[in-house]
Amino acid sequence: MLGRRDSQRTLFEAQTWPHRVPSDSFYARMASVNDQLFADDDLTEMYCPDNGRPSLPPSLLCGVLLLQFYDDVSDEEAVERMLFDLRWKVALNLSLDCAQFDASSLSRFRKRLVEHQQERYAFDRLIVVARTAGLLPDKVTLLTDTTWAKGAGAVQDTYTLIRKGIRQLLRQMGYATPQKRRGLAPEVQHLLASYLDQDQKAEIDWSDPQQRAAQLQVLVQDAEATLDLATEQADDPEVRSTGWLLTKILGDDVVTNEHGQPQIGKGTAPARLLSLTEPEMQHGHKSKAQRFDGFKTAVATEPESELILDITELPASAGDGEHLMPTVQHVEAAAGVTVERVIGDGAYPTGPNLAACATHAPTPIELVAPLASAADPRVDKSAFHIDLAAQTATCPAGHTVTGTLVRKERHPGLQFQFARTTCQACPLFEPCVQSKVAGRTVSTDGYESYRQALRQRQGTPEFKTLYRRRSRVERKQAELVRHGLRRMRYVGAGKRQLQRLWTAAVVNLKRLFKLAQSQALDLGTALAQVGAPKWKQSAVRIA
């Protein structure tokens, strides 16, 4: 049953007595709006209306969560700070002798938020406040970029993944109970005993390649036997899901040599499984030198208010530009604004993104992002004059060829092939032609007209001025990282997204305090004017 905070004040409240918490600190500013920041009735649907003991007030737990992500502390540390840290008592309007609750209450509250699709509650509420206070215009520009985050799952080697996968599948099929094992064949009994009654790596000399190869053969044989056993329960969706994970591990990491023996494959398979505790973790890299195991986080901010309007997860192996249009849709649905311009780096002007922005309804979106170019601008594709209507291309030396129609990625395009003899006579032959037998080839696809328009805009002073604003989103990402975004605390997509959204809510609240101070706005009044976000959460929920 829903519990509510008592509005009755006492002489023991931290704010009643003189204290040394600076008035311009986040804690004191949060205290000034604490009564309006969160409302217990906003989350009524998460609790039974007429049964059970009253819960801890959701407004209190929301405040604790906010401070927890602000200070980047654990659940246990958060409860201790609530009890003993004067800054937290002031921020939460608590009494000096406030009652303690168990740290597990925070974990259960986060789980309840995720189960009721309310992980966006704090983030969306502050965006509505910004709109109500006039801090966000009807038409906005988005600055967007991605950063990386380390996953909470344990990264496991192939041997451990196979062993854990076998164990997990056997347990999923119910073989951990003695009754299920009765009447099974001896070889199956031995399999179950090997993986359910003990869970540890084989005691071999792991520095010996021959012993490692023999152990891998045993594990692969046992995995195949377990998968055969799982076919008897193929109708169970959880068994199918776990069986798929084990099959993926074998497919990603194990190959068969010329003698029919399994061995660890060379290289890394795309979207390779790293951990059974967090199967969605992947190898990723932001550059050739910077690699990580976890996820990417896409951040979209508004440059004038510097508020974060969207934050979401991308697979570690995904391209940065893949989230662009979903981000635009989320921002427009959640904030009730129209996106008129997007500023991003060179990962964003892909053909599909350019086309989607140009055809966006109700108004097209201006995509301010540089197209990639060759190291030598004299031989870059932009140096060729391509006439799509006439289907001709003219090289920098003035030679013109007619294109041939080809299909590329299911989109019709043109391919322009220059004769090698013509290219060899050109002074730009060495930097221009990479082929050993043919001349320069230039290709286009169905998005070439959008690229041509972007190339023309790239050279304008207006484009360069707008693009310089992109650094603001990088500063905002650095602020998120200072509050713990670089390391995922939780396992599971819902809780990971909750961490991102509440960390972004912390950053947005800090910014709202500054905006309210600079513009002489009463943030408490703005908070009191809005309730819980009125739109259905599932309509803008991050997939």
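Tutor: Let's begin with a term: a polar contact is a pair of N or O atoms within 3.5 Å; within protein, one must be able to donate a hydrogen and the other to accept it, and residues adjacent in sequence count only if both atoms are side-chain atoms. Keep in mind that this is a predicted model, where local features need pLDDT of at least 70 and side-chain atom pairs count only at pLDDT 80 or more, while totals for chains, interfaces and linings use all residues. Residues are numbered from 1 along each chain as its sequence is written, and side-chain values use heavy atoms, leaving out hydrogens and water.

Now go to Arg489, in the loop between α19 (471-482) and α20 (493-518). Helices (H or I, at least four residues) and strands (E, at least two) are DSSP runs, numbered from the N terminus. The side chain of Arg489 has a polar contact with that of Asp72, at 2.8 Å. Leaving aside residues up to four places away in sequence, Arg489 touches (heavy atoms within 4.5 Å) Gln68, Phe69, Asp72, Val73, Ser74, Ala152 and Gln499.

For another arginine, hop over to Arg87 in helix α5, residues 86-92. With a relative accessible area of 33%, Arg87 is partly exposed (buried is under 20%, exposed over 50%, partly exposed in between, using a 1.4 Å probe and protein chains only). Again skipping residues up to four places away in sequence, Arg87 touches Val21, Tyr27 and Arg81. Arg20 sits 67 residues from Arg87 along the chain, yet their C-alpha atoms are 8.7 Å apart.

How about the cysteines? A disulfide is a pair of cysteine sulfur atoms within 2.5 Å, and a search of the whole structure turns up zero of them. For Cys62, the nearest cysteine sulfur belongs to Cys98, 17 Å away. Cys62 counts as buried because its relative accessibility is 1%. Cys432 is in no disulfide either, with the sulfur of Cys423 the nearest at 6.1 Å. Its relative accessibility of 14% means Cys432 is buried too.

Finish at the sheet. Two strands pair if DSSP finds at least two bridges between them. Here three strands make an open, antiparallel sheet in the order β9-β10-β11. β9 (385-387) and β11 (400-402) are the edges, each with a single partner strand, so one side of each has no neighbour in the sheet. Three bridges tie β10 (residues 392-394) to β11, and Thr392 has Thr402 of β11 as its bridge partner.
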